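These are my notebook entries on one structure. I record what I looked up, entry by entry.

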Amino acid sequence: MAVTHNSKEVGQMNSNDRKNPNLIADWKTLERIFIRPEDEACRKTLVKYMEQILFGLHDFLNSNVGVTQEISLLELTNLYRDTLISPDPEKKLESVISDIIHKIAPRAVNVASPYFVGHMTAAIPFFMVHLKTIVAALNQNVIKLETSKVLSVIEKQVLAKIHRLIYRRDETFYQTHVQSVDTSLGAFTTGGTTANLMAMWVARNHFLGAGVEQQGMAAAMQAKGVERAVILVSRRGHYSLKKAGGILGIGNSNVLAMDVDQHQRMDMKKLEIAIQNLQNDGKTAVLAVVGIAGATETGTVDPLGQMADLCLGRGIHFHVDAAWGGPVLLSERYAPLLKGIERADSVSMDGHKQFYMPMTSGMVYFRDPGAMDQIAYYSNYVNREGSVDLGIKSLEGSREANALILDSSLKIMGSRGYALMIDHGIETAKAFAAEIQQRDMFEVVTAPELNILTYRMVPPEVGRQLEHADATEQEILNDYLDELNIYIQRTQREAGKSFVSRTRIGPVFGSEGARVVLRSVIMNPMTTGAVLREILDEQERIGQGFCDPIPQIL
Ligand SMILES: *Cc1c(COP(=O)(O)O)cnc(C)c1O
């Protein structure tokens with residue numbers, strides 16, 4: 001291996017300069033690099049950067065701000081077009097790490113910035129990086145006991161803790177099930193998408209019987225005398241439920257989007273009529289009704305208690321998608337917003353959202369500890385019948401021991417520590433909405449129930465015209481507003497200091513269709529009212545630069 005190496009040399013990655021005659025892949029080198037840094041220089045580089053990342057992540061990221069115009073996506077993709085794997089090493093570990101720090105990290109997105117309020121991905125407490133590192137170092141596989149031992153036991157305990165947070169069953173119940181070999185209170189997944197998929201998988205098999213897993217949908221539906229199976233969710237439902245419809249053979253067009261009321265919550269009257277009609281036709285199986293606890297776009301919570309009433313009386317599986325809002329249960333002040341969740345047959349939650357875990361981690365919970373028997377799979381080399389292996393009732397095969405991260409974090413923070421962040425998010429979002437409302441240039445479109453809100457810029461001149469416009473004129477004015485708000489979001493993103501996202505929500509004032517809105521998600525405890533006011537100030541400045549003339553319709 002190279003004895004001399006300039007660690008500052010971080011040349012472009014192309015095939016011309018990557019040939020390094022000093023580096024060869026041989027057994028001696030492999031032995032040197034497999035178990036520890038190959039030499040003192042390499043060790044020093046690693047320690048230096050790891051220390052920066054492990055203890056100064058915040059400073060590190062702040063000095064490396066993300067998506068800017070500094071380099072275009074096209075320029076960036078042109079740097080990564082080489083598709084040959086070099087037979088011999090191109091670089092020493094030391095210089096690979098140095099490349100990551102100097103060339104890749106600065107071009108990643110600084111999701112930890114308090115000004116990054118557009119998505120459900122944001123800052124995590126610094127100790128999460130340590131916990132993730134330890135999980136990687138232990139490299140346990142919780143698919144089975146033989147590759148994880150205590151980590152599987154800890155996973156069952158953490159699952160019971162969160163199950164208890166949701167369902168509040170008594171101590172005897174949890175003593176029976178926490179380490180039970182036969183029953184499961186839930187499962188860890190890769191995220192909310194797979195958690196929802198698992199819940200729908202269980203619901204489908206529960207309704208159609210075990211035969212559906214063996215013979216498939218056609219045979220199972222015929223046996224049941226139904227021609228169609230449906231899942232009902234409001235228009236604000238997450239698209240992962242559509243994927244579940246596709247994967248489970250239900251058909252994603254049979255994941256039916258129910259209307260919402262003016263607060264973006266499930267319209268209960270329409271839901272009841274829809275269920276009645278579907279059940280009356282005698283040919284349709286209603287596999288599940290999904291309530292949302294924290295809708296992705298608006299943060300709104302469906303009337304979970306009323307939905308539970310409706311489902312329980314009709315033998316319909318009631319699932320609550322709490323991928324976003326689940327951890328609100330940790331807040332004494334706001335947990336009542338999720339009232340009714342304890343009556344759900346299943347609940348999904350994300351670890352990497354408001355549990356502030358690193359990417360990626362999700363969970364699904366079932367009220368009935370026997371529910372997951374519907375999806376049990378065994379094999380002779382792992383997951384033998386009668387074993388406690390967590391891989392038996394799981395969508396995934398091999399899995400990392402993410403439960404250790406959640407378990408540790410719950411110990412480090414306590415439910416009150418989490419509640420501080422949850423309460424801050426909700427209260428800051430409410431104050432932000434008040435600030436928006438009070439400014440001439442903006443209107444709130446969906447007020448925050450949790451910590452997500454949508455709004456848009458409406459210059460007073462357009463606002464005044466909207467009030468007096470007929471339907472056609474309103475369309476023209478709203479088309480103008482769509483362009484304006486797209487321009488604001490894009491320009492702000494490209495300027496690189498702040499980030500809000502955008503989506504389309506309908507109906508907004510004076511429009512039947514879905515309209516462009518700016519969306520902000522307040523989950524970073526460092527995001528303050530002052531930060532949000534700066535974001536609005538910048539948006540007002542950007543708005544002044546929008547060149548399209550305001551339509552004059554009067
Ligand atoms: C984020 C989210 C999901 C999907 O979760 P992933 O972790 O992105 O797979 C599902 N439902 C809701 C309500 C969400 O907010």
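Which residue stands opposite serine 346 in E7? I found that phenylalanine 366 holds this place. I noted first that the model is predicted, that local features need pLDDT of at least 70 and side-chain atom pairs pLDDT 80 or more, while totals for chains, interfaces and linings use all residues. I also noted that residues are numbered from 1 along each chain as its sequence is written, and that side-chain values use heavy atoms, with hydrogens and water left out.

Entry 1: the sheet with E6 and E7.
I looked up the pairing of strand E6 (residues 346–350) with strand E7 (residues 362–366) and found it antiparallel, over five bridges. Strands here are DSSP runs of E with at least two residues, helices are runs of H or I with at least four, and both are numbered from the N terminus. Two strands count as paired if DSSP finds at least two bridges between them. I then traced the whole open sheet: seven strands in the order E1-E7-E6-E5-E4-E2-E3, with mixed pairing. Strand E1 (186–189) and strand E3 (255–258) are at the edges with a single partner strand each, so one side of each has no neighbour in the sheet. On average, neighbouring strands of this sheet are turned by 20° against each other, direction ignored. The axes for such angles are lines fitted to C-alpha atoms, for helices over the stretch in contact, and angles run from 0 to 180 degrees between N-to-C directions.

Entry 2: two backbone exceptions.
I read as background that most residues other than glycine have a negative phi, and that most peptide bonds are trans. Between methionine 359 and threonine 360 I found a cis peptide bond, with omega about -20°. Threonine 360 belongs to the loop between E6 and E7. Arginine 168 is not a glycine, yet its phi is positive, at about 50°. I located arginine 168 in the loop between H8 and helix H9 (171–177).

I found an open sheet of four strands, ordered E8-E9-E11-E10, with antiparallel pairing. Its edges are strand E8 (442–446) and strand E10 (501–505), each with a single partner strand, so one side of each is left without a neighbour in the sheet. From one strand to the next, the twist averages 45°. Strand E9 (residues 452–457) and strand E11 (residues 515–521) pair over four bridges, and tyrosine 455 has leucine 518 in E11 as its bridge partner.

Entry 3: the ligand.
I counted 15 residues around the ligand (a heavy atom within 4 Å), and the closest are Thr193, Asp321, Asp350, His352 and Lys353. By class, the shell holds three nonpolar, nine polar and three charged residues. Helix H10 (residues 192–208) gives the most to this shell, with three residues. I looked up polar contacts, that is, pairs of N or O atoms within 3.5 Å. A polar side-chain atom of aspartate 321 is 2.6 Å from a nitrogen atom of the ligand. A backbone N or O atom of glycine 192 lies 2.9 Å from an oxygen atom of the ligand.

Entry 4: salt bridges.
I applied the rule of a side-chain nitrogen of Lys or Arg within 4 Å of a carboxyl oxygen of Asp or Glu, and the count came to 30 salt bridges. In one of them, aspartate 407 and lysine 161 have their closest N and O atoms 3.4 Å apart. This pair links distant parts of the chain, helix H16 (residues 402–438) and helix H8 (residues 150–167), the two residues being 246 residues apart.

Notes
Polar contact = N/O pair within 3.5 Å; in protein donor to acceptor, adjacent residues only side chain to side chain. Nonpolar A, V, L, I, M, F, W, Y, C, P; charged D, E, K, R; others polar.
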